[in-house]
Amino acid sequence: MGELERLLDIMATLRDPQRGCPWDLRQTYASIAPYTIEEAYEVADAIERGDFADLREELGDLLLQVVFHARMAEEEGRFDFHAVAEAIADKLVRRHPHVFADTAFADEAEQHAAWEAQKAEERAAKTDGAPPSVLDGVARALPALMRAEKLQKRAARVGFDWGALEPVIDKIHEEIEEVRAEVGVADNHARLHEEVGDLLFAVTNLARHLAVDPEMALRDANAKFEARFRGIEARVAAEGRRPEDCSLDELESHWDAVKAQKD
């Protein structure tokens, strides 16, 4: 705990009105939130690359975000870091009665059902009297693909889901046709925006039914595209040219060559 207390003291000094850092003092929950999200993704990136030295550093950067938010809350008399740690410790004990209490589950399915029931009870306690929904607690700040998948999973728990793959695929074709119908219509960007969103939601649903993580699938597709396009740039540079100097046919020819090498 010594190093953790040191970190908390450093953060308090950085936020000290008299001798703190001007940048740190200017920050708010909202201004820090994007960094918090970014650091979580950098942790995931280090894990994906298997770089444990980098993972150690990135976990520290992520911990700093928790310390930063907790410090601002402490300054406002709301809560402090120790309250944050206490809350998550209590939650872990509460959600694992088979480990920390005398509860026994027949199998993993029963354990999962109890876990979900406990989470639902916790969500209901946060609604302040508002009608509860199975969609409560799905954070709006999640990446859109990830949030779409979570919303669909929640709805599926109460039976709002197709039981077969074919209607899911049919829905994607339907959404493509709706996008096609809006293309070329004057002053129609809002409708195109909506229809493209519906198409992406439908594709996310397909990924869920296939047990494919849509966020990770798109990340991998991004990485594949990046590698192949960099290959195009390298081939064009070897000819003493730039991509913008080439025709689309030439670029596609290079793309096919790069793709053939990778495949």
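This report describes a helix pair, a nonpolar core and one alanine in a predicted model.

## Basis

Residues are numbered from 1 along each chain as its sequence is written. In this predicted model, local features need pLDDT of at least 70 and side-chain atom pairs count only at pLDDT 80 or more, while totals for chains, interfaces and linings use all residues; side-chain values use heavy atoms, without hydrogens and water.

## Helices H1 and H4

Helix H1 covers residues 2–14 and helix H4 covers residues 52–75. Helices here are DSSP runs (H or I, at least four residues), numbered from the N terminus. The axes of H1 and H4 come within 10 Å and cross at roughly 55°.

Contact (heavy atoms within 4.5 Å) is made by Leu7, Leu8, Met11 and Ala12 of H1 with Leu63, Leu64, Val67, Phe68 and Arg71 of H4. Of these residues, eight are nonpolar, none is polar and one is charged.

## The nonpolar core

The largest nonpolar core has nine residues, including Leu4, Ile32, Met72 and Phe81. Such a core is a set of buried residues (under 20% relative accessible area, 1.4 Å probe) joined through side-chain atoms within 4.5 Å. H4 gives the most to this core, with four residues.

Leu8 is also one of the core residues. Leaving out residues up to four places away in sequence, Leu8 touches Val67, Phe81 and His82.

## Ala83

Ala83 lies in helix H5 (residues 81–95). With 30% relative accessibility, Ala83 counts as partly exposed (between the 20% limit for buried and the 50% limit for exposed).

Definitions and conventions: Axes are lines fitted to C-alpha atoms, for helices over the stretch in contact, and angles run from 0 to 180 degrees between N-to-C directions. Helices (H or I, at least four residues) and strands (E, at least two) are DSSP runs, numbered from the N terminus. Ala, Val, Leu, Ile, Met, Phe, Trp, Tyr, Cys and Pro count as nonpolar, Asp, Glu, Lys and Arg as charged, and the others, Gly among them, as polar.
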